[in-house]
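Here's a quick briefing to read with the model open beside you.

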Amino acid sequence: MTRRVDLLVIGAGPAGSALALLAARAGARVVLVERGEIPRPKVCGEFVSAEGCAVLERLGILSALRGAGAAPIDTCRLSGLRGRKLDLPLPALRHGREGIGVSRLRLDRLLAEAAASAGAELRTGWEASEPILRDGLVRGVRARRAGRDAPPACEASVVVAADGRRSSLVRRLHPRRGDPLRTGRDAWFGLKTHLAVSGAPLARRVELHLFDGGYVGLAPVEDGRVNVCLLVRNGALRAAAGCPDRLLARLVLANPAVREAIGDGEVCGAWASCGPLRFGPRRPAAAGALFVGDAAGTVDPFCGEGMSHALLGAELALPFALEGAARGGLEPDLARAYRDAWRCAFLPVTWRVRALGRLFGRPRAATAALALLRGAGRAWAPRLVAATRTGWSP
């Protein structure tokens, strides 16, 4: 049996749940589909900047996250291969400079619950298997679940792909737009786990450290844990026999600054992984569908802005999704307007960060650049950090 709603959102991560929550509050009939269970572990730096925190406050869940132990962050620390450190304050925005460190398990659960409480219908364990196309436009999806023979269908005035960098809808419409399907020696992979660290780990700091083969981001999260997120070349991962623990011990902890931060930490969760990865803008709308979050474009992870971009992207997409629902579909002029708005908000920062990402993808060159910032170029360091922020707000 086919149902028809105003908005069908595929993916209950930060972008999808935030958009479903906002649309449901506005009175739209919303179905939010998630192929996994909520919460579930994800490869993520687990840092939300001041821009993203402003969105969480408008959504009404920031105080709940802080009450649940989200760690305040207002400083970043960088280090090169030899561990020489550079501490910088996060840029002062009109929202302030304080961000938070929070696990995806906590954030995703609260966002999805808030969306459901606002009236969105949340369907977990369902995977969008194929789009329903009519006259070349996406009018809904068929979903499937293990053990079910006849996949249910859901049609909507507007379909939104918010299911990440490997979006099933994006791959169906534009197979070459997603992450690469083949793996070479220089391909990037993401790895993530939590460590239990004694004392007050990374007090008010998010950290980024280079190692031979990539870089590692460290962020304090709730319950006194530290999120460890690695971006590593496939060659370095192969040299560690594909074992994240061996990679951490042999290469990552070779950096003295990393040893200082987490040297006594114990892994307290399974490793999550993803890859191979591709960064940069993709396509924010196509065939009558909207894309948000990583499905629209992926900012390099070293800047720590992925979750903030997802939340801001949901706010940006809301009026276009609601107007499309009112019209009965995302007409070409509305799709063009959304593409223009998305590009204006996210394209400049995505390309700036992509250029810096190429530098940080070469640890020796990045180490030399950090040495310059530490010396005569130190006055430019805050501008470097500020260059990773969008500056966009609704």
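R204 sits in the loop between β12 (188-196) and β13 (205-211). Strands here are DSSP runs of E with at least two residues, helices are runs of H or I with at least four, and both are numbered from the N terminus. This is a predicted model, where local features need pLDDT of at least 70 and side-chain atom pairs count only at pLDDT 80 or more, while totals for chains, interfaces and linings use all residues. Residues are numbered from 1 along each chain as its sequence is written, and side-chain values use heavy atoms, with hydrogens and water left out.

**Positive phi**

- Most residues other than glycine have a negative phi, and most peptide bonds are trans.
- R204 isn't a glycine, yet its phi is positive, near 60°.
- R204 is partly exposed at 35% relative accessibility (buried is under 20% relative accessible area, exposed over 50%, partly exposed in between, with a 1.4 Å probe and protein chains only).
- D223 also has a positive phi, about 65°, without being a glycine.
- You'll find D223 in the loop between β14 (214-220) and β15 (225-233), and it's exposed, with a relative accessible area of 59%.

**Cis peptide bonds**

- The I38 to P39 peptide bond is cis, with omega near 0°, and P39 lies in the loop between β2 (30-34) and β3 (47-48).
- G275 and P276 are joined by a cis bond too, with omega about 0°; P276 is in strand β17 (residues 272-277).

**Helices α2 and α9**

- Helix α2 (residues 50-59) packs against helix α9 (residues 306-327) at about 50°, with the axes 8 Å apart (axes are lines fitted to C-alpha atoms, for helices over the stretch in contact, and angles run from 0 to 180 degrees between N-to-C directions).
- That makes α2 oblique to α9 (under 35 degrees is roughly parallel, over 145 roughly antiparallel, 65 to 115 roughly perpendicular, the rest oblique).
- From α2, E51, G52, V55, L56, R58 and L59 meet S308, L311, L312 and E315 of α9 (contact means heavy atoms within 4.5 Å).

**S167**

- S167 is in the loop between β11 (153-161) and α5 (168-173), and it's buried, at 1% relative accessible area.
- A polar atom of the S167 side chain lies 3.4 Å from the backbone nitrogen of L169.
- Leaving aside neighbours within four places in sequence, S167 is in contact with A161 and A295.

Key
Polar contact = N/O pair within 3.5 Å; in protein donor to acceptor, adjacent residues only side chain to side chain.
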